[in-house]
Amino acid sequence: QMKQCQMKESQQTGSIAFPDWAYKPESSPGSRQIQLWHFILELLQKEEYQGVIAWQGDYGEFVIKDPDEVARLWGLRKCKPHMNYDKLSRALRYYYNKRILHKTKGKRFTYKFNFSKVVLVNYPLLDMASSPFLLTRTQGNERQE
DNA sequence: ATCGGAATTC
DNA sequence: GAATTCCGAT
């Protein structure tokens, strides 16, 4: 049978709430690759992963409780058997300049989503009611740093 | 642990 | 374009 990491995103996500347009824009129609921050949001949404990664502290802030496991799961999804937290965290660091994430300094393995940016720029049509963490505000008049 | 440059991959 | 891989510096 087909390995999990060989399936299309639409097939393996199953119950996940992310619509089709959430995955990689019009690149190659058949081979859309999930983005890391989508994957992070996906894990954060599932209660069974609360021992691995979970919302904690400030609004939009989350802590990676088990870095090795998150890296392993990410590697599974992307078919990268040698994925580890060192590499995954490098990818997270690239999000700093893109204003998708930033580090919560002083707190180990803790990052924070810039939801005002993420929602308004990347998910302009997202149904706010379906995601509890996307519910509150953002009128463009507060800064997120 | 965290950061970010550089080369490479798809 | 979005990582992946590798790695020296802090």
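Is phenylalanine 62 buried or exposed, and what is its relative accessible area? Phenylalanine 62 is buried, with a relative accessible area of 0%. Here buried means under 20% relative accessible area, exposed means over 50%, and partly exposed lies in between, with a 1.4 Å probe and protein chains only. Hold on to that residue, please; we will come back to it.

Hello everyone! Some ground rules before the tour. This is a predicted model, in which local features need pLDDT of at least 70 and side-chain atom pairs count only at pLDDT 80 or more, while totals for chains, interfaces and linings use all residues. Residues are numbered from 1 along each chain as its sequence is written, chains are lettered from A and ligands numbered from 1 in the order in which they are written, and side-chain values use heavy atoms, leaving out hydrogens and water.

Let's start with the overall picture. Chain A has five helices and four strands, and along the sequence they run α-α-β-β-α-α-β-β-α. Helices (H or I, at least four residues) and strands (E, at least two) are DSSP runs, numbered from the N terminus. Of the 145 residues in chain A, 39% are buried. Now take the contacts with a separation of 6 or more: 49% of them in chain A join residues 24 or more positions apart. A contact means heavy atoms within 4.5 Å.

Next, the strands. S2 and S4 pair in the antiparallel sense over three bridges, and S3 and S4 also pair in the antiparallel sense over three bridges. Two strands pair if DSSP finds at least two bridges between them. Here our opening residue returns: the bridge partner of phenylalanine 62 in S4 is tyrosine 111. The hairpin of S3 and S4 has six residues between the strands, and in it glycine 106 takes a positive phi near 90°.

What covers S4, on one face or both? Both faces are covered: Thr110 and Lys112 on one side, and Tyr111 and Phe113 on the other, are all buried.

That brings us to the rings. A pair of aromatic rings is described by the distance of the centres and the angle of the planes. Rings of Phe, Tyr and Trp (its six-membered ring) pair if their centres lie within 6.5 Å; planes under 30 degrees apart count as stacked, over 60 as edge-to-face and the rest as tilted. By this rule there are nine aromatic pairs. One of them joins tryptophan 55 and phenylalanine 113, a tilted pair with 6.2 Å centre to centre and 55° between the planes. Tryptophan 55 is in strand S1 (residues 53-55) and phenylalanine 113 in strand S4 (residues 110-113), so this pair ties together parts that are 58 residues apart in sequence. Tryptophan 55 is partly exposed at 29% relative accessibility, whereas phenylalanine 113 is buried at 1%.

Phenylalanine 62 and tyrosine 111 form a stacked pair, 6.0 Å centre to centre with 25° between the planes. This pair links distant parts of the chain, with phenylalanine 62 in strand S2 (residues 61-64) and tyrosine 111 in strand S4, 49 residues apart. Tyrosine 111 counts as buried, at 3% relative accessibility. Zooming out, Trp55, Tyr59, Phe62, Tyr111, Phe113 and Phe115 form one aromatic cluster.

Tyrosine 111 has another neighbour to show you: lysine 103 lies over the face of its ring, at 5.1 Å from the ring centre. A charge sits over a ring if NZ of Lys or CZ of Arg is within 6 Å of the ring centre and within 35 degrees of the ring normal. Arginine 90 lies over the face of tyrosine 94 in that way, at 3.8 Å from the ring centre.

Last stop: charges. Side chains of opposite charge can pair when their charged atoms come close. A salt bridge is a side-chain nitrogen of Lys or Arg within 4 Å of a carboxyl oxygen of Asp or Glu. How many salt bridges does the structure hold? The structure holds four. One of them joins arginine 77 and glutamate 42, at 2.7 Å from N to O. Arginine 77 lies in helix H3 (residues 67-78) and glutamate 42 in helix H2 (residues 36-45), so the pair ties together parts that are 35 residues apart in sequence. Both arginine 77 and glutamate 42 are buried.

Another salt bridge joins lysine 107 and glutamate 61, with the closest N and O atoms 3.2 Å apart. Lysine 107 is partly exposed at 42%, while glutamate 61 is buried at 6%.
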